[in-house]
Amino acid sequence: MMTRTLFALITFAGTTLPTTALAQPIEPVNPEDRAIRIQHPDQRQIQQLAQAVQDRLSATYLTDQERAHLRVIHGQWTEEDLKNPTLAPQIALDIGDLSNPIFDDPATPIPARAWSKLRSGLPTQSLELIEQVQSPTIETMLIRATSLELLGEREAAITQLESIETQLANQQLDNASDFALGCEALIKLTRLRSPIVSAKSDYEAIESLIAHARDRVDRLDWTLRLVEANLLYEHHNLGEAHAAAVEALRLNPRAVEPMLLLGHIAVDGFDFDTAEKFADGLDARAASFAIPDLDDDSEFEPEISPGGAIIRARIALRRKDPEGAEQSLDPALDRFPNHPTLRALEASAAAAGYRVSSTNRLLERFNDDFPSSPIAAVWVGRTLSDSRQYPQAAEVLRRAIDLAPNWGEPRLQLGLMLVQAGKDFEAKNALTEAIKLDPFNLRAQNSLKLLTELATYETIETEHFTIRYKQGQDEILAQEMPEILEAIHTRVCSDLPGGMNHEPAEKTIIELMPNHEWFAVRIGGMPSIHTMAASTGPVIAFESPREGPKSTAGHYDWARVLQHEYTHTVNLSRTRNRVIHWMTEANAVFNEDAPRDQTQWALLENATRANDLFDLDSIDIAFVRPEKPSDRSLAYAQGAWMFEYIVERFGPIAPRDIMDASTTGRSAPQAFEQVLGLSQSEFMDAFINWAKEDLRSHGLLVADDLPTLDELLGDLSNGLPSISKLDELLEPDPSHPVLLNLRLGIALALEGDTLGDEQIRLLEHAILIRPEDEMPHKRLARHYLASESFDDQARAIPHLEYLDVREVHSNAYANQLAELYAQSGNPARALSKAIRATRIAPFEAPAREQAARMAMIANDLDQAEHQLNALITLEPDREIHSRRLQALQSMRDGSN
């Protein structure tokens, strides 16, 4: 029995030490913004650190040997240092050159050789080496403990770690490296052993030791900053972990461990470009000793490093690209076939590819080599959760909990997964247990805070949905949702084109989140996060469509967005969450039941002209690994276009059959060939021919028999042709879309709000020739609305309708249409448009006032009452709303 424990270490050397880095205020965090919100170290502090390092290295009292040793510590070693057999092993370890022949040299110090074996996934060889050490040190005990842990000898590992704990408690250390290794041992001990007093006191003690060593023993030791960064990262405190890792890297720019941690943080924050740069840096630093200058990566061939492969594989997995993950892992596994994290991610890639047998086989092999290690189970569980394979994820994560009952991470991942699956009660239990083991885990606390928040929400039950909302103004919108949601269900689950002819087995939970912060916490960790809404399968969360400092979405057509997201939910239900990525996005866009807007048409037109349309493989890659900023937008547009083509040529059942084929693990080309009887090339040839004809029918592509603009006008370097020249060219073919567009542009160049007859004629003709061009409609609507004659103003209606059906974020067109329909004697249509305006901006009082007025005109007293009640909630201080409601009730009483 230990006489002194971690709890005693919090008063190290008789002084209570600070633990503020662990106890940070909890705020909801958007996972996509983490890379942006991370607090970088102050540049002045960084400069001071760099200067302090240089001052240390240039100190006149140093011997040559001491100076060389410090150069290695701070990553400023020279080619001469590489030849020094005393220094070279540490250099190789720092840069991650684990396969360097120096580690096979018996003359190399045993701890360095043992570290290289251990980090390569060879704990038996590491243990054999370290057993040769006669006098144990903190370093050798840590190596022994880690080796024993990987070999499944947990109790023996705990015994070694407790020996380190005793030494830290009983001895005054003056070596920063020993402190760093000791703290690393204590962190490992907290994962393996039940808390002596409490997990909180254990972690506080560790942070106290780190703070003492950093501030009083050696403030320039990078390993101390690294161990602190790792501890903060384990608590999912990404901001402070990033700052500590950056400082560690500044203190030793050639060290791979802080760079690997920064790569992980970048992947967690969805900052894949930065993560890729760190992966490149890890490969560069793992190159052989023939590196003259690591600041110039062009001077040598990079090595295949475990760290680089790990980061690239994680990027691919977060992008739902299991093949890309395997491509990143394979070369590294060839070099390091036993590396635990590489093998864990290999199993994760198999899981992401829905290869159940391969996943189980890889997990079994991992467990054979590393008994009782939870590493692979945690990675696979996280990956299955990201892939929405919730039952399978729960099974694997519970296995990880059994393997590591005192480590909070598996319970955290289980809790996060259950949150996404809508299992709030089970999630709360898992997260509560995770916090008991790691009370400083910010992500666990955020998620538990979310569940506590959700428990206060009101609930509305419909036949197919459970609607959850926060008391207050959001109730206005929530009360309007049931009828619309049930209509969405009918549409999406039908056998109509785009319908899935399938209903989810359970009700779908619709959560109306009051602002972007809560929305982001609700769907935290999802790489394909939608701007304002997201489906996790059983749960659809969406941000309340309001303007304000805590809202990023602003006003939007929430019904259209939910119809898109519910399509994902039904797709996932029918295919057991194994749908082809681009197909579910295509189906969701198709099911918005709204015409393609001009921006989408332009993307499709340009890609077709340039022969840049995606094939069945590359369109999925465009979603997960876009090469150009426009790739993802084009993938959405083209996917819906291909979906439309499939429905038109092969019938509405064909897309469902393709998705069903994907359930068995078939790729898109394989599923298409099975269902459509066409190879990828045959399908693409047929689709592109259809697409070109579709563009021609919309005036976006010149027919093959029409001369091009260059052929008609020649060199335009001397200026545009005259109007008379264009009219002359248009006379034989007034429908030439490109000529007409040029002629129209010249005609409108100097116009004001009102148009002349010639301009109106050209605009109306352009609408017939290029029906997807929004400009003529906008211009004609502006012209007619500027008139003082209502008859002229009413002529704006078809143009406003054209624009309104394509609008997602503004209710301006709907507002204007409501007024025009009311004046033209069509009260039903006026009310319909006024209600649409309230759906885009449900918390905008003027829209509600207009809807109440239109309801009175249409004699829809129930709707008028609803709108007035909404106004009372939105503007409780305006008595006019209550008086109008009383007047309405009096009107009703008088009519009874």
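The model is predicted: local features need pLDDT of at least 70, side-chain atom pairs count only at pLDDT 80 or more, and totals for chains, interfaces and linings use all residues. Residues are numbered from 1 along each chain as its sequence is written, and side-chain values use heavy atoms, with hydrogens and water left out.

**Aromatic pairs.** Rings of Phe, Tyr and Trp (its six-membered ring) pair if their centres lie within 6.5 Å; planes under 30 degrees apart are stacked, over 60 edge-to-face, the rest tilted. The count comes to 17 aromatic pairs. Buried means under 20% relative accessible area, exposed over 50%, partly exposed in between (1.4 Å probe, protein chains only). Phe270 is buried because its relative accessibility is 12%. Phe272 is buried at 11%.

**The ring cluster.** Next, select Trp582, Trp601, Trp641, Tyr645, Phe650, Phe672, Phe683, Phe687 and Trp690. Ring pairs link these residues into a cluster.

**Charges over rings.** A charge sits over a ring if NZ of Lys or CZ of Arg is within 6 Å of the ring centre and within 35 degrees of the ring normal. Stay at Trp601: Arg596 lies over its face, 4.9 Å from the ring centre. Then go to Trp77, where Arg254 lies over the face at 3.9 Å from the ring centre.

**Last stop: Arg770.** Find Arg770 in the loop between helix 39 (757-769) and helix 40 (774-785). Helices (H or I, at least four residues) are DSSP runs, numbered from the N terminus. Arg770 is buried, at 13% relative accessibility. Show its contacts (heavy atoms within 4.5 Å). Not counting residues up to four places away in sequence, Arg770 touches His698, Gly699, Leu700, Pro737 and Asn741.

Methods:
Helices (H or I, at least four residues) and strands (E, at least two) are DSSP runs, numbered from the N terminus.
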